[in-house]
Amino acid sequence: MKLLTGNDLATGDVTWWTGNGWSRHVEDAVDVGDQGEAIAHAEEGARRVNGPYVIDATATPEGPRPAHIKDRIRALGPTVRPDLTLKPADPNAGSWVI
């Protein structure tokens, strides 16, 4: 099966084509077959998604499973550890202007 994925314009979240719109859940994705590129072009042109592309997937009882590990990781959602994010700058530390 073929899935269409991209990123939400407002949030950058990973999205999946459902047949009549976009979802943040890969379980909602539908097989786009040979129409994937045409749908991607139309949706990007209408500014409903950023950078859409077609990927290979396998149908499972739990829903579509992306074939490539990169896309499976994207399907899991954000993987940023909150304890590793940058801390806000100390306003009392001053700043260097070059």
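Ala59 stands opposite Pro64, a residue of strand S5. This comes from a predicted model, where local features need pLDDT of at least 70 and side-chain atom pairs count only at pLDDT 80 or more, while totals for chains, interfaces and linings use all residues. Residues are numbered from 1 along each chain as its sequence is written, and side-chain values use heavy atoms, with hydrogens and water left out.

Now for the strands around that pair. Strands here are DSSP runs of E of at least two residues, and helices are runs of H or I of at least four, numbered from the N terminus. S4 (residues 50–60) is also joined to S1 (residues 2–7), again antiparallel, this time by five bridges. Asn7 has Asn50 as its bridge partner in S4. Put together, the five strands make an open sheet in the order S3-S2-S1-S4-S5, with antiparallel pairing. At its edges sit S3 (22–23) and S5 (63–66), each of which pairs on one side only.

Next comes the helix. H1 (residues 36–45) lies across S1, S2 (14–17), S3 and S4, and runs at about 145 degrees to S4. That angle is taken between N-to-C directions on a scale from 0 to 180 degrees, using axes fitted to C-alpha atoms, for helices over the stretch in contact. Glu43 belongs to H1. Glu43 counts as buried because its relative accessibility is 8%, the cut-off for buried being under 20% relative accessible area (1.4 Å probe, protein chains only). Neighbours within four places in sequence aside, Glu43 is in contact (heavy atoms within 4.5 Å) with Trp17, Trp22, Arg48 and Val49.

Finally, the pockets. A pocket is an open set of points on a 1 Å grid over the protein atoms alone, where a 1.4 Å probe fits, with protein on both sides within 12 Å along at least five of seven lines; lining residues have an atom within 4 Å of a point. The lining of the largest pocket has 19 residues, and Arg24, Arg74, Ala75, Leu76 and Gly77 lie nearest its centre. S2, S5 and H2 (69–76) each supply at least two lining residues, with the largest share, five residues, coming from H2.

Definitions and conventions
Two strands pair if DSSP finds at least two bridges between them. Buried means under 20% relative accessible area, exposed over 50%, partly exposed in between (1.4 Å probe, protein chains only).
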